Amino acid sequence: MWRGGSNTRTCKRRFFSSPTRSRHHRPPYICRLHSRGSQHLKAMAEVDHLAAERATARFDVEEMKVAWAGSRHAVHVADRMARLVASDPVFRKDNRTMLSRKELFKDTLRKAAHAWKRIVELRLTEEEADLLRQYVDQPGYVDLHWGMFVPAIKGQGTEEQQHKWLPLAYKFQIIGCYAQTELGHGSNVQGLETTATFDPKTDEFVIHSPTLTSSKWWPGGLGKASTHAVVYARLITEGKDYGIHGFIVQLRSLEDHSPLPGVTLGDIGGKFGSGAYNSMDNGVLRFDHVRIPRDQMLMRLSQVTREGKYVHSNVPKQLLYGTMVYVRQSIVADASKALSRAVCIAVRYSAVRKQFGSQDGGPETQVLNYKTQQSRLFPLLASAYAFRFVGDWLNWLYTDVTQKLEAKDFSTLQEAHACTAGLKAVTTSVTADAIEECRKLCGGHGYLNSSGLPELFAVYVPACTYEGDNVVLLLQVARILMKTVSQLASGKQPVGTMAYMGKVQYLMQCKSAVSSAEDWLNPDAIQEAFEARALRMAVNCAQNISQAASQEEAAGFYERSPDLLEAAVAHIQLIIVTKFIEKVHQEIPGHGVKEQLQALCNVYALYILHKHLGDFLATGCITPRQGALANEQLGKLYAQVRPNAVALVDAFNYTDHYLGSVLGRYDGDVYPALYEEAWKDPLNETVVPEGYHEYLRPLIKQQQLKLSRL
Ligand SMILES: CCCCCCCC/C=C\CCCCCCCCC/C=C/C(=O)SCCNC(=O)CCNC(=O)[C@H](O)C(C)(C)COP(=O)(O)OP(=O)(O)OC[C@H]1O[C@@H](n2cnc3c(N)ncnc32)[C@H](O)[C@@H]1OP(=O)(O)O
Ligand SMILES: Cc1cc2nc3c(=O)[nH]c(=O)nc-3n(C[C@H](O)[C@H](O)[C@H](O)COP(=O)(O)OP(=O)(O)OC[C@H]3O[C@@H](n4cnc5c(N)ncnc54)[C@H](O)[C@@H]3O)c2cc1C
């Protein structure tokens with residue numbers, strides 16, 4: 001069928017142009033494929049599969065897009081920005097994994113500059129600009145400039161400081177990063193070594209890196225792009241160390257970008273995966289007695305006077321960590337984006353891919369119809385929706401807490417810390433594992449860069465580490481849980497997401513009333529089982545810690561930390577389930593939309609119950625029979641999701657450009673795309689590879705010679 005092509009001139013011209021390139025560079029059918037063959041291939045391809053899949057959906061996809069995005073306005077803006085990026089050749093990214101580190105970095109600078117140009121030319125709003133950057137989809141210095149440098153100044157700078165620095169940052173007259181982590185310390189912020197010593201003679205701070213381990217290490221955008229940084233350092237004045245504070249420090253000349261005197265800096269080197277996070281210039285930075293004016297200490301929370309006297313405002317010192325809290329809540333929203341991308345690719349491809357089961361020469365079975373594929377994939381689909389909704393709620397919580405802080409009400413600070421730290425840890429860990437699971441769900445083709453999954457995985461996995469290692473963050477949640485349990489005896493009523501612990505008498509002894517698989521569709525039954533499990537795990541930990549009477553409390557906590565991690569996870573999973581249930585209780589317009597979300601909510605909850613059955617049984621919250629009934633109901637829910645699966649990922653409304661995957665194409669035309677993509681690899685630029693004459697030919701000839709001598 002492909003052999004009937006007539007116009008092969010373009011291919012010939014290109015391939016004859018170099019001595020190493022011959023007509024045989026690609027097999028002749030490839031040339032024809034490029035001239036007219038793709039259409040033939042298209043006709044042969046499985047495009048109809050996704051059309052047929054879409055026809056089986058039992059809900060209004062357009063309305064589901066609204067439920068996913070949050071509002072009709074949000075769908076519209078996101079759609080416009082995604083298309084703007086997809087149609088602009090500067091933002092192409094299909095060649096990204098083939099670029100060298102230097103080329104990739106330059107490409108990132110180019111894209112960032114072009115994005116800014118478009119933002120200014122089109123006078124985009126902040127919302128539109130954020131979305132445009134998201135769809136450009138290439139980690140770079142701008143993420144840290146907008147995501148951490150600006151928020152740090154907003155959160156920790158005085159009004160005067162904001163007035164001075166923010167306009168410069170908003171117009172890119174300076175580029176900033178967030179320099180906290182050091183070679184020797186990241187998780188333990190109080191252990192940082194960089195010093196900022198006040199010199200009253202000159203009214204300056206002297207910023208210094210006293211040891212190798214005090215070198216700033218990791219900050220994104222620091223290596224090559226930033227002109228300024230918010231640097232975290234130990235404040236020393238009048239001979240006393242007042243602990244960690246933030247300072248605005250200029251690093252590079254605004255004229256020629258060279259490092260300022262006393263500043264040594266560079267990139268820390270290549271990172272995991274090809275392309276991926278290597279577009280970011282994570283950097284190293286050392287100071288040799290660098291002087292900055294006193295007013296470049298961020299002075300909203302505490303100040304140093306002209307005389308060198310330290311003054312701490314009457315606010316909790318943890319407000320210093322505010323930028324991290326802000327970024328952690330946005331990372332939860334990112335988790336749903338990354339997870340939904342991976343799931344979209346795996347669902348669409350699973351609907352296209354067929355293996356086995358052909359009867360009498362008929363079509364094989366779509367792999368999406370295998371129950372094992374469904375039981376691996378649909379919980380991830382449900383998790384994407386769950387994370388989206390809990391992310392929206394977390395954003396609301398963050399805004400609410402921020403307003404309270406402005407009014408000097410610090411009562412919800414602990415709740416904000418526990419929720420952002422815990423949800424960041426759970427959603428990023430699940431998402432990282434899920435992207436890898438989606439790769440496996442796509443079989444061999446999932447391992448190709450053109451599937452988009454390797455790059456997504458490599459970009460995403462550091463989310464388990466940056467902005468707080470997930471284990472360290474879960475231990476923070478566990479500590480707050482232990483504090484709450486210990487306060488129960490004194491009658492103090494827990495609030496916010498810990499309020500369920502106030503029902504301690506009931507939850508410690510309640511027994512689930514579930515007696516049929518359908519009973520697990522009752523949200524009250526789910527809620528009660530999750531609350532009882534989380535509370536009992538926390539109380540068990542508290543008892544075990546206090547029973548180790550010979551030990552200090554901290555030592556008991558240390559001994560029990562593996563159990564405490566699990567208790568923290570149970571608490572966070574309860575929050576995710578609760579927020580999903582609350583979402584589904586709201587009025588949700590659109591034919592069938594609420595029903596689908598209800599089904600996904602049940603899938604999410606019952607999947608977690610099934611996966612952590614040991615917890616539910618060990619704490620006596622449910623019986624083994626009830627556990628089996630939950631699994632039975634889960635199987636029924638998968639069957640309910642099956643005809644809607646493709647439409648449920650269509651509701652994410654991702655362009656093919658953003659998805660960046662030949663397997664996840666909207667039209668399902670996977671095979672011709674895979675085939676064409678392969679020929680773009682630099683190895684295929686020549687038929688005979690470089691190195692043939694040096695290494696392959698002599699080897700083959702030598703062996704031939706040996707054989708001929710035998
Ligand atoms: C190219 C291909 C692209 C393809 C695909 C693209 C796909 C894209 C998808 C997603 C990509 C998204 C990209 C996003 C870019 C992100 C960039 C990442 C940038 C990263 C930046 C960083 O990492 S910055 C550095 C972060 N560092 C940390 O997080 C350090 C962690 N450590 C801590 O936070 C603290 O040290 C810790 C909390 C662990 C301990 O604090 P400490 O003061 O030492 O002591 P402790 O006794 O534990 O606590 C005392 C007290 O304070 C309370 N508390 C602690 N923290 C807080 C807080 N934040 N808020 C409020 N309260 C807090 C704690 O509970 C204690 O309370 P009490 O018990 O005393 O009541
Ligand atoms: C891609 C990327 C981008 C980053 N960007 C920035 C940035 O822009 N600015 C910035 O300042 N930093 C940045 N960082 C640094 C990041 O914030 C730290 O790497 C992170 O906070 C983890 O700290 P760490 O490296 O010290 O890990 P460590 O704390 O050394 O962790 C090592 C191991 O020890 C365990 N561990 C540590 N403490 C405990 C404990 N108390 N109990 C039990 N186990 C423990 C951890 O779980 C982990 O398994 C970035 C990091 C990465 C990977």
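Domain 1 (144-314) and domain 2 (324-493 + 517-650) both contribute residues to the shell around ligand 1, so ligand 1 lies between them. The model is a predicted one, and in it ligand 2 is also placed between domain 1 and domain 2, because both domains give residues to the shell around ligand 2. From the UniProt record come two "binding site" positions, Thr181 and Gly220, listed in an unreviewed entry, and Thr181 is among the residues that come nearest to ligand 2.

**Domains**

- The domain assignment of the protein chain gives domain 1 (144-314) and domain 2 (324-493 + 517-650), and the centres of these domains, taken over C-alpha atoms, are separated by 36 Å.
- To the contact between them, domain 1 brings nine residues and domain 2 brings 10 residues; on the side of domain 1 that touches domain 2, five residues are nonpolar and four are polar, with no charged residue there.

**Ligand 1**

- Ligand 1 is surrounded by 34 residues, of which Gln318, Tyr321, His417, Tyr466 and Gly468 are the closest.
- At least two residues of this shell come from each of α10 (322-352), α12 (413-441), α13 (453-460) and α14 (470-488), and α10 gives the most, with five residues.
- In composition, the shell around ligand 1 holds 15 nonpolar, 13 polar and six charged residues.

**Ligand 2**

- Around ligand 2 there are 21 residues, and those that come nearest are Gln180, Thr181, Gly186, Ser187 and Val471.
- The elements that give two or more residues to the shell around ligand 2 are β1 and α14, with the largest share, three residues, coming from α14.
- The shell around ligand 2 is made up of 11 nonpolar, eight polar and two charged residues.

**The two UniProt positions**

- For "binding site", the unreviewed UniProt entry lists Thr181 and Gly220; these positions span 40 residues in sequence, yet no two of their C-alpha atoms are more than 10.6 Å apart, so they gather at one spot.
- Thr181 lies in the loop between β1 (176-179) and β2 (195-199), and it counts as partly exposed because it has 18 C-beta neighbours inside 10 Å.
- Not counting residues up to four places away in sequence, Thr181 touches Gly186, Lys216, Trp217, Trp218 and Pro219; of these, Gly186 is also one of the residues that come nearest to ligand 2.
- Gly220 lies in the loop between β4 (216-217) and β5 (228-237), and with 25 C-beta neighbours inside 10 Å it counts as buried.
- When neighbours within four places in sequence are left aside, the contacts of Gly220 are Tyr141, Asp143, Leu144, Cys177, Met280 and Asn282.

**Strand β8 and its partners**

- Strand β8 (residues 283-287) is largely enclosed by the rest of the structure, because four of its five residues are buried.
- Two bridges join β8 to β4, and these strands run antiparallel; Trp217, which Thr181 touches, stands opposite Val284 in β8.
- Strand β7 (residues 263-267) is joined to β8 by five bridges, again in an antiparallel arrangement, and Asp267 stands opposite Gly283 in β8.

Note on methods:
Residues are numbered from 1 along each chain as its sequence is written. Chains are lettered from A and ligands numbered from 1 in the order in which they are written. This is a predicted model: local features need pLDDT of at least 70, side-chain atom pairs count only at pLDDT 80 or more; totals for chains, interfaces and linings use all residues. A residue is near a molecule or strand if its C-beta atom, placed from the backbone, lies within 6 Å of it. Ala, Val, Leu, Ile, Met, Phe, Trp, Tyr, Cys and Pro count as nonpolar, Asp, Glu, Lys and Arg as charged, and the others, Gly among them, as polar. Domain bounds come from an automatic or database domain assignment. Two residues are in contact if their C-beta atoms, placed from the backbone, lie within 7 Å. UniProt positions are given in the numbering used here, feature names are shortened, and annotations may be inferred rather than shown by experiment. A residue is buried if 20 or more other C-beta atoms lie within 10 Å of its own, exposed if 12 or fewer, and partly exposed in between; C-beta atoms are placed from the backbone. Two strands pair if DSSP finds at least two bridges between them.
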